[in-house]
There are 2 protein chains.
Amino acid sequence: MSAYTELASYLRQSRVLASCQQLLSWDQETQMPHDAAELRAEQLSMLAGLAHRRDCADELGEMLERAGDEVGSGDEPEVASVREARRDFTRRKRIPAELMEERVRTTSLARQAWIESRAKNDFATFLPHFEHIVDIMRRFADALGFEDHPYDALVAEYEPGETAASLKELITPLQERSASLLGRILDSGGAIDASVLKRRYPTDAQEQFNRFGAEKLGFDFRRGRLDVTAHPFCSGQGPTDVRLTTRYDERNVADSYYSTLHEAGHGIYEQGLPEERYGSPLGDACSFGIHESQSRMWENHVARSRAYWTWLFPHVRERFPKASEGATAEEYYRANNAVAPSLIRVDADEITYDLHIAIRFGLEERLLSRELSAGDVPEAWNAEYQRLLRVTPPTDADGCLQDVHWSAGLFGYFPTYSLGNVYAAQLFAKADEDLGGVHAQFARGEFRPLKEWLRENIHRHGRRYRPRKLVELATGHKPTIEPMMTYLEAKFGDLYSI
Amino acid sequence: MSAYTELASYLRQSRVLASCQQLLSWDQETQMPHDAAELRAEQLSMLAGLAHRRDCADELGEMLERAGDEVGSGDEPEVASVREARRDFTRRKRIPAELMEERVRTTSLARQAWIESRAKNDFATFLPHFEHIVDIMRRFADALGFEDHPYDALVAEYEPGETAASLKELITPLQERSASLLGRILDSGGAIDASVLKRRYPTDAQEQFNRFGAEKLGFDFRRGRLDVTAHPFCSGQGPTDVRLTTRYDERNVADSYYSTLHEAGHGIYEQGLPEERYGSPLGDACSFGIHESQSRMWENHVARSRAYWTWLFPHVRERFPKASEGATAEEYYRANNAVAPSLIRVDADEITYDLHIAIRFGLEERLLSRELSAGDVPEAWNAEYQRLLRVTPPTDADGCLQDVHWSAGLFGYFPTYSLGNVYAAQLFAKADEDLGGVHAQFARGEFRPLKEWLRENIHRHGRRYRPRKLVELATGHKPTIEPMMTYLEAKFGDLYSI
């Protein structure tokens, strides 16, 4: 056996083990009996222990050395595979075991405290945990190492190649131009009537409609499922087993439908990763930003387009005859694209979404550099919301306690949402050009050409290229916010006649 | 840490790992997307490999030695725990790794061949696999060791303490007396009209009814679930996560309901195992026979009693107003106890069930001793069915190909079904005596006293005692078939006026 084959076999076993953990976590959210929580924690902890030993084994380090010597350097996929596997290994080995355990223990308690704190709207309950987590993540950054800013060490976990500075270069202008566009929309005085979405859409029909919508985009139900959870997610055990979740509210059909399509976008990516590379970095998703570009593209560029609604509307009429009575395709299109500054990130429209991200990114940076203390976050949060979105949370539950990320130590994660938006717009513009106008296809219910374009240009590469390089190879240009701004200005300029 | 604590901790980790395998298998049958079969096989195979290494580790052997020295001998639970764990370890170590792999490989192929063979009604397709499996199981018996008959080595896997001879001593009279009772019923010319059960019972209402029935018996849905599979089963990951399955047919309400209650009986046992002993043999079910005694007791002694139907009937009226129109409680009671010689074991009534078992037991014994060749099984099967049940299968699919067991190498398993019946009757009679007449309780929908009696006398002991000893401790008598025969003769004597 060659050194590379030996490594590939080891990594595949590790991936299979991780996929078992994923299944148990999915089951925990969707199927598990109420009283099984303790047993499930024990199961997950045991599998995590096994995985950790494999992932940090000296044996793996030696395999990586031998495989690296064997494949040498160059452009071959195998070189990229060893490079990425070695990167993962090196980063993991830098974290002392005690620090990792401290994080697991602390975030486990913090999650409970955060839930309680949010329910009671009492930031003080969460604060000591939050302080501890900021401290731990700062020590993580120190252990991982960085040149300019501790944030750099953490964001690299989600988006290889990015730093706080590189992100700011991309995102700060996006934030400024989004804020300016928002100002023009608000000043225009135009308002969209979204009341058609607040009518009663029966849950059973919604469920069928969601499956229909996801399947039409290209999600393969022979390789996946759709279930119900409080917070929608996508769990990909492998290309042949990808599980989506959504939630239902009879009075909020759009939340359920667009959550489903968003997760289906993640799912289509997972289903399109090269099966024969399963376990190798070449069979993994490229980054969180690229992943989000897929979900946001299907959700927004496709399913929030006027052409899509032209096609979808007759199906809405058929499936929800009562709720859709007297409405038009254009009315649905407009209602699903209404812009309004709001308090909650996950409910935000396409213009304001990145402002929510910018606020979190700025606060995280200052927390890690110790310019801002954890206790001062509520005040800083509210000031930023007033400055950028012209709204002030009435409570911390609607403010700095709304997201789960910080309680889990996920610092450096939020900017990948904005990267996803930026990449989605640039990739979509190129696909539209290459395919000779995709909107005409959407109006006919044809989504396969776009999916195939993504398979060819994004999915099949796995982690062979770093995110920005992948976007550049797919589009011929380094990533910029121009396609995103062009898209937003055209779409919302039309919608609000500005 | 004491040697015993160290052992307990090791065994608990092994049990947790096994519970992960169980969850993946349950998911495979109930949730898994169609195309994920290969990935699932890889996941299960990896976990099986990890489990096998743990279960056969020299380290475990040494721990067992040290713990054995520490606890010494006596009646304490810890002594029993080490004894049973050492028994498992010793048996496992006797199987050469290559033989185990040959079995896994062969039965995996044989399962496919069996499915195909049954579908095509072509025994020849299955025969080469069957021959190979008989040969492998004979070698298993040799590796495990036995005194009198190779069957002894295999039955010990399911029923510690039993041998072919000890089983025959118990089961042969049961078979003879059941056959004689069946003859008297058939000769009586009495017939029960079961047509009320063939009316249309809507699937949705059946599903709610099954949950209602299982919950009333005492199955705790906070610690379990009920789902749908082709073949009903119960999977207990631990007392807090026990999953039942059943199947639905609008024209066969009894199959679905009694399958559910049967599996709920298994589930109530699993939920009643001592949580604090999880992972130790003291936290495991005693044996397959004892397990089956629980399922058969709830299914037959409770839910096929006249008192039970007195209580249940109004609920049937309410839930199935159309199907139950004009029927009476007595009519349902009789319909659910109709006796008729049949071809298929899983559809058999309480009288003929053990005859189906006796036939399989006899054939297995002759196969292992090489008195019967695999190729002659269809002929021998049909001859036995004619002799004991007065029926002849029109096809092998309705004959020797009906059960999955042999394709999986499960020789020695069938007699545990009859042991279950025998133990159920003896335990039930004692519970009835101790509780001052349980039928009056059933008629009021009270099942908790019986469940508590089983918790106290059976469930809480885990594997502390061998099966026959456990029954003796619970009832004050060594197991005999007398309570079973008394029960059958009284019940069916009344039903058929003989």
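These questions and answers go through a predicted model with chains A and B.

Colleague: Which helix of chain A gives the most to the side of chain A that touches chain B?

Modeller: The contact takes 29 residues from chain A and 30 residues from chain B. On the chain A side, helix 1 (3–30), helix 2 (37–55), strand 1 (224–228) and strand 2 (234–238) each supply at least two residues. The top contributor, with 8 residues, is helix 1 of chain A.

Colleague: How do the residues of the side of chain A that touches chain B divide into nonpolar, polar and charged?

Modeller: That side has 29 residues in the contact. They divide into 12 nonpolar, 9 polar and 8 charged.

Colleague: Which helix of chain A gives the most to the side of domain 1 that touches domain 2?

Modeller: The domain assignment gives domain 1 (1–94) and domain 2 (97–498) in chain A. Their C-alpha centres lie 27 Å apart, and 18 residues of domain 1 are in contact with 18 residues of domain 2. On the domain 1 side, helix 1 and helix 4 (77–94) each supply at least two residues. The one that gives the most, with 11 residues, is helix 1 of chain A.

Colleague: Which residue of strand 3 of chain B is the bridge partner of Leu226(B)?

Modeller: Strand 3 of chain B runs over residues 241–246. Cys234(B) has Leu244(B) as its bridge partner there. For Leu226(B), the bridge partner in strand 3 is Leu244(B).

Colleague: How many residues of strand 2 of chain B are buried?

Modeller: A hairpin through 2 residues joins strand 2 of chain B to strand 3 of chain B. Strand 2 of chain B is mostly covered, and the number of its 5 residues that are buried is 5.

Colleague: Which residues touch the most other members of the largest nonpolar core?

Modeller: The largest nonpolar core has 101 residues. Leaving out residues up to four places away in sequence, Leu217(B) touches Leu261(B), Ala264(B), Ile268(B), Trp298(B), Val302(B) and Phe447(B). The residues that touch the most other members are Met137(B) and Leu217(B).

Colleague: Is Asn121(A) buried, partly exposed or exposed?

Modeller: Asn121(A) is found in the loop between helix 5 (97–120) and helix 6 (123–144) of chain A. Its phi is positive, about 50°, although Asn121(A) is not a glycine. Because 14 other C-beta atoms lie within 10 Å, Asn121(A) is partly exposed.

Colleague: Why does Arg390(A) count as exposed?

Modeller: Arg390(A) is found in the loop between helix 15 (377–389) and helix 16 (415–434) of chain A. Phi of Arg390(A) is near 60°, a positive value in a residue other than glycine. Arg390(A) counts as exposed because its number of C-beta neighbours inside 10 Å is 12.

Methods. Residues are numbered from 1 along each chain as its sequence is written. Chains are lettered from A and ligands numbered from 1 in the order in which they are written. This is a predicted model: local features need pLDDT of at least 70, side-chain atom pairs count only at pLDDT 80 or more; totals for chains, interfaces and linings use all residues. A nonpolar core is a set of buried Ala, Val, Leu, Ile, Met, Phe, Trp, Tyr and Cys residues joined through C-beta atoms within 7 Å. A residue is buried if 20 or more other C-beta atoms lie within 10 Å of its own, exposed if 12 or fewer, and partly exposed in between; C-beta atoms are placed from the backbone. Two residues are in contact if their C-beta atoms, placed from the backbone, lie within 7 Å. Helices (H or I, at least four residues) and strands (E, at least two) are DSSP runs, numbered from the N terminus. Ala, Val, Leu, Ile, Met, Phe, Trp, Tyr, Cys and Pro count as nonpolar, Asp, Glu, Lys and Arg as charged, and the others, Gly among them, as polar. Two strands pair if DSSP finds at least two bridges between them. Domain bounds come from an automatic or database domain assignment.
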